[in-house]
Amino acid sequence: IEATTITVDLIKRMVCRYYGITHNDIISPRREKINSRPRMIATYLCREFTAMSYPYIAKQFNRDHTSSIHAAHRVREWIATDPEVANDVKTFEEMLSA
């Protein structure tokens, strides 16, 4: 991503494309793992790569700010314990840092 400002929308589009889900899926109230895991990873990436607050990020995903805090903590746990999630997050970090 050359000379592009990293935004919440950019991260959402990237995560949706990677996992093959739609924008409506990532912001939906549904809690199925197929939607919730990418949403939580996107929330984590937004917190790591933008200067946006938890309340702002949560609003972009139709969530309460406590949900974005919880998501960031869960993703950190998954990175430490789930090689698949760790690999996905590493891929996103490399894409965003390029």
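**Exercise 1. Is Phe92 buried or exposed?**

Solution. Start with the cut-offs: buried means under 20% relative accessible area, exposed over 50%, and partly exposed in between (1.4 Å probe, protein chains only). Phe92 has 0% relative accessibility, so Phe92 counts as buried.

Two notes on the model. It is predicted: local features need pLDDT of at least 70, side-chain atom pairs count only at pLDDT 80 or more, and totals for chains, interfaces and linings use all residues. Residues are numbered from 1 along each chain as its sequence is written, and side-chain values use heavy atoms, with hydrogens and water left out.

**Exercise 2. Classify the ring pairs that link Tyr18, Tyr19 and Phe92.**

Solution. 
- Step 1, the rule. Rings of Phe, Tyr and Trp (its six-membered ring) pair if their centres lie within 6.5 Å; planes under 30 degrees apart count as stacked, over 60 as edge-to-face and the rest as tilted. The count by this rule is 3 aromatic pairs.
- Step 2, Tyr18 and Tyr19. Their ring centres are 5.0 Å apart and their planes stand at 80 degrees, so this pair is edge-to-face.
- Step 3, Tyr19 and Phe92. Here the centres are 6.0 Å apart and the planes are at 50 degrees, so the pair is tilted.
- Helices (H or I, at least four residues) are DSSP runs, numbered from the N terminus. Tyr19 lies in helix H1 and Phe92 in helix H6, so the pair ties together parts that are 73 residues apart in sequence.
- Step 5, accessibility. Tyr18 is partly exposed at 35%. Tyr19 is also partly exposed, at 25%.

**Exercise 3. Describe the surroundings of Thr43 and Phe61.**

Solution. 
- Step 1. Thr43 lies in helix H3. Its relative accessible area is 5%, so Thr43 is buried.
- Step 2. Contact means heavy atoms within 4.5 Å. Not counting residues up to four places away in sequence, Thr43 touches Ile57, Phe61, Ser68 and Ala71.
- Step 3. With neighbours within four places left aside, Phe61 contacts residues including Val8, Ile26, Arg39 and Thr43.

**Exercise 4. Which elements give two or more residues to the lining of the largest pocket?**

Solution. 
- Step 1. A pocket is an open set of points on a 1 Å grid over the protein atoms alone, where a 1.4 Å probe fits, with protein on both sides within 12 Å along at least five of seven lines; lining residues have an atom within 4 Å of a point.
- Step 2. The lining has 13 residues, with Arg39, Met40, Arg63, Ser67 and His70 nearest the pocket centre.
- Step 3. The elements are helix H3 (33-49) and helix H5 (65-81). H5 gives the most, with 5 residues.
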